[in-house]
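Here are my notes from a first pass through the model. Have it open while you read, and check the points against it as you go.

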Amino acid sequence: MTTQTELLPGLWVDVHTTVHEYCVRDGLAYRYFDLIEPGTDPDDLAPADVWIANNLNARVQLAEFAAIWGRVEAHRDAVKEALRAVPVRAAMSGADDAVVQAAGTLLDLLCGPRAHGSRITKILHKKRPDLFPIIDARVQPLFDAVVPPVTERSWSEYFAEVVGAIGPWVDRNARVLDEAREGFPALSRLRAYDICLWRSAGAVVPIAEVDDV
């Protein structure tokens, strides 16, 4: 008997089965993204942070790497300052305004042409796994349902809205998410939530439409 949990308005998911299948049956992403620790400075970015994110289908080829790394180098001091302002264990739940603002600043600094948000959120999720959700084209429509698109909105403004809209859904499902990730120590609660959204979205989004955003 399966137990369905509402993770977003109208989105019901068998959390335990979904997480188990992702980590065990399908396994590659869990082994080569979630389980791998880059060994980099938690308050800085290194090439290894970018390449590990690429194991999650980020499609970072040389031109994309150059775009991402160019932004890191151009804003190195500001990136390090923002990372220092966000504790490693920072989470959506209980994050104060200063932490949310610093996290949003990282997105403002790092996102740009060929440095798409889908890639950057995969990189930053590994740095702060309970704060940054992974937002790619497969789950973007689910986020849009609770954080409607707005033109000319900065990444920091968008991130603050995501925290306010998505964070409570993670909190109210904390127990089932924590139970589902038992035995999978590399997963944060937010990552378990991400996995459930990604796999559920995949059931309704044609694969040809899935790309970076």
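1. Ground rules. This is a predicted model, where local features need pLDDT of at least 70 and side-chain atom pairs count only at pLDDT 80 or more, while totals for chains, interfaces and linings use all residues. Residues are numbered from 1 along each chain as its sequence is written, and side-chain values use heavy atoms, with hydrogens and water left out. Helices here are DSSP runs (H or I, at least four residues), numbered from the N terminus.

2. α3 against α7. Helix α3 (residues 47-54) and helix α7 (residues 117-127) have axes that come within 9 Å and cross at roughly 115 degrees. Axes are lines fitted to C-alpha atoms over the stretch in contact, and angles run from 0 to 180 degrees between N-to-C directions. α3 and α7 are therefore roughly perpendicular (angles under 35 degrees count as roughly parallel, over 145 as roughly antiparallel, 65 to 115 as roughly perpendicular and the rest as oblique). The crossing is right-handed, meaning that the near helix is turned clockwise from the far one by less than a right angle.

3. Who touches whom there. From α3, Asp49, Val50, Ile52 and Ala53 meet Lys122, Ile123, Lys126 and Lys127 of α7; contact means heavy atoms within 4.5 Å. By class, the residues of this contact are four nonpolar, no polar and four charged. Nonpolar covers Ala, Val, Leu, Ile, Met, Phe, Trp, Tyr, Cys and Pro, charged covers Asp, Glu, Lys and Arg, and the others, Gly among them, count as polar.

4. α6 against α9. α6 (97-110) packs with helix α9 (residues 155-172) at an angle of about 135 degrees, their axes 7 Å apart. The two are therefore oblique to each other, and their crossing is right-handed. On the α6 side the contact uses Val100, Gln101, Ala103, Gly104, Thr105, Leu107 and Asp108, and on the α9 side Trp155, Ser156, Phe159, Ala160 and Val163. That makes seven nonpolar, four polar and one charged residues.

5. The two faces of α5. Which residues of helix α5 (residues 76-84) are buried? They are Val79, Ala82 and Leu83, where buried means under 20% relative accessible area, exposed over 50% and partly exposed in between (1.4 Å probe, protein chains only). Seen down the axis of α5, the buried residues fall within an arc of 100 degrees, so they line one face of the helix; the arc is that of the directions from the helix axis to the C-beta atoms. α6 is included in what covers them. On the other side of α5, Asp77, Glu81 and Arg84 are exposed.

6. Val60. Have a look at this one in the loop between α3 and α4 (62-74). Val60 counts as buried, at 6% relative accessibility. Leaving aside residues up to four places away in sequence, Val60 touches Val50, Trp51, Asn54, Phe65, Ile68 and Arg119. The C-alpha atoms of Val60 and Ala115 are 9.0 Å apart, though the two residues are separated by 55 residues along the chain.

7. Two positive phi values. Most residues other than glycine have a negative phi. Arg114, in the loop between α6 and α7, has phi near 65 degrees and is partly exposed, with a relative accessible area of 45%. Glu152, in the loop between α8 (140-146) and α9, has phi near 60 degrees and counts as exposed at 81% relative accessibility.
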